[in-house]
Amino acid sequence: MKIIVFLLVCITGLVGCANPPLPKVDKTKNALEGVKTITIIRPREPREYTVMNFYDPGFVFGTMNLEVSVSASKYWQLALTQLITQQNFSFADSLTHTMVQRFKQAGYEVSVQDGPWVEDDGRYTLSYADITSDADAVLVIAPTIMGFVSPRDAAGYAPTVTTVMTLLGKDHQTPLYKGYLATGWKPSEEGWQHAYSTKTFPNFEAVVANPDQAVASLKQACNAIVNLAARQILY
């Protein structure tokens with residue numbers, strides 16, 4: 001029962017309307033002055049991909065059987081993770097590769113590190129002090145949601161990626177930029193930069209029934225996140 005209560009608190013926080021604004025760090029005009037080399041810290045592959053349904057009227061009106069909903073969500077997440085694994089899709093590789101290409105096109109020398117990620121019950125954290133890169137700047141990509149979400153205002157499932165991107169100076173301490181980026185479902189807190197998905201699915205069964213389209217939509221979501229980041233960091 002404690003797990004159910006904990007999940008209810010988490011879900012309420014995700015869809016609440018009064019969450020405080022996010023602590024954003026805007027890129028200064030000369031933040032990349034003198035930067036020639038950049039290390040990208042590759043995100044970790046998710047243990048399970050996310051499936052969330054906020055459209056259920058029972059959630060809004062408090063009549064939803066939470067225990068049944070949590071069990072269904074867990075089943076869907078396992079099914080989605082298996083589908084993506086069978087399609088040989090790597091979220092971390094897709095996002096990192098696309099980001100590398102954007103920086104290279106802008107004239108930077110780019111390297112990639114796995115980074116000193118530490119796992120705690122499926123969640124990954126990273127201490128900036130443990131980064132060993134000697135590049136002029138370091139970009140840390142820290143995803144929070146990867147999967148499919150049905151928002152409150154739509155019955156369909158949108159391929160969704162939310163991530164925090166932090167660009168640090170050579171000392172690995174000075175923040176040059178910090179962006180909260182989302183595509184698909186948009187979190188309610190003020191401060192998220194958002195791009196709508198170009199592909200949605202009418203229900204989760206349609207996601208599972210069309211694995212090629214599901215994976216292609218996640219790749220498009222990764223591209224959308226990179227485009228958001230590139231516009232803010234490079235221009």
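Here is a short walk through the structure above, from the overall chain to its ring pairs and salt bridges.

This is a predicted model, in which local features need pLDDT of at least 70 and side-chain atom pairs count only at pLDDT 80 or more, while totals for chains, interfaces and linings use all residues. Residues are numbered from 1 along each chain as its sequence is written, and side-chain values use heavy atoms, with hydrogens and water left out.

Let us begin with the whole chain. The protein chain has six helices and nine strands; these are DSSP runs, with helices (H or I) of at least four residues and strands (E) of at least two, numbered from the N terminus. Of its 235 residues, 45% are buried, where buried means under 20% relative accessible area, exposed over 50% and partly exposed in between, using a 1.4 Å probe and protein chains only. Take the contacts (heavy atoms within 4.5 Å) between residues at least 6 apart in sequence: 74% of them join residues at least 24 apart.

Next come the aromatic rings. The structure holds six aromatic pairs, meaning rings of Phe, Tyr and Trp (its six-membered ring) with centres within 6.5 Å; planes under 30 degrees apart count as stacked, over 60 as edge-to-face and the rest as tilted. One of them joins Trp 76 and Phe 204, and it is tilted because the planes stand at 35°, with the centres 5.6 Å apart. Trp 76 belongs to helix α3 (residues 66–86) and Phe 204 to helix α5 (residues 204–209), so this pair ties together parts that are 128 residues apart in sequence. Phe 204 is buried, at 4% relative accessibility. Ring pairs also bring in Tyr 157, giving a cluster of Trp 76, Tyr 157 and Phe 204.

Now for the charges. Side chains of opposite charge can pair when their charged atoms come close. Four salt bridges are present, each a side-chain nitrogen of Lys or Arg within 4 Å of a carboxyl oxygen of Asp or Glu. In one of them, the closest N and O atoms of Arg 42 and Asp 93 are 2.5 Å apart. Arg 42 lies in the loop between β1 (37–41) and β2 (50–53) and Asp 93 in helix α4 (residues 91–105), so the bridge ties together parts 51 residues apart in sequence.

Glu 48 is partly exposed at 23% relative accessibility, and Lys 74 is partly exposed at 42%.
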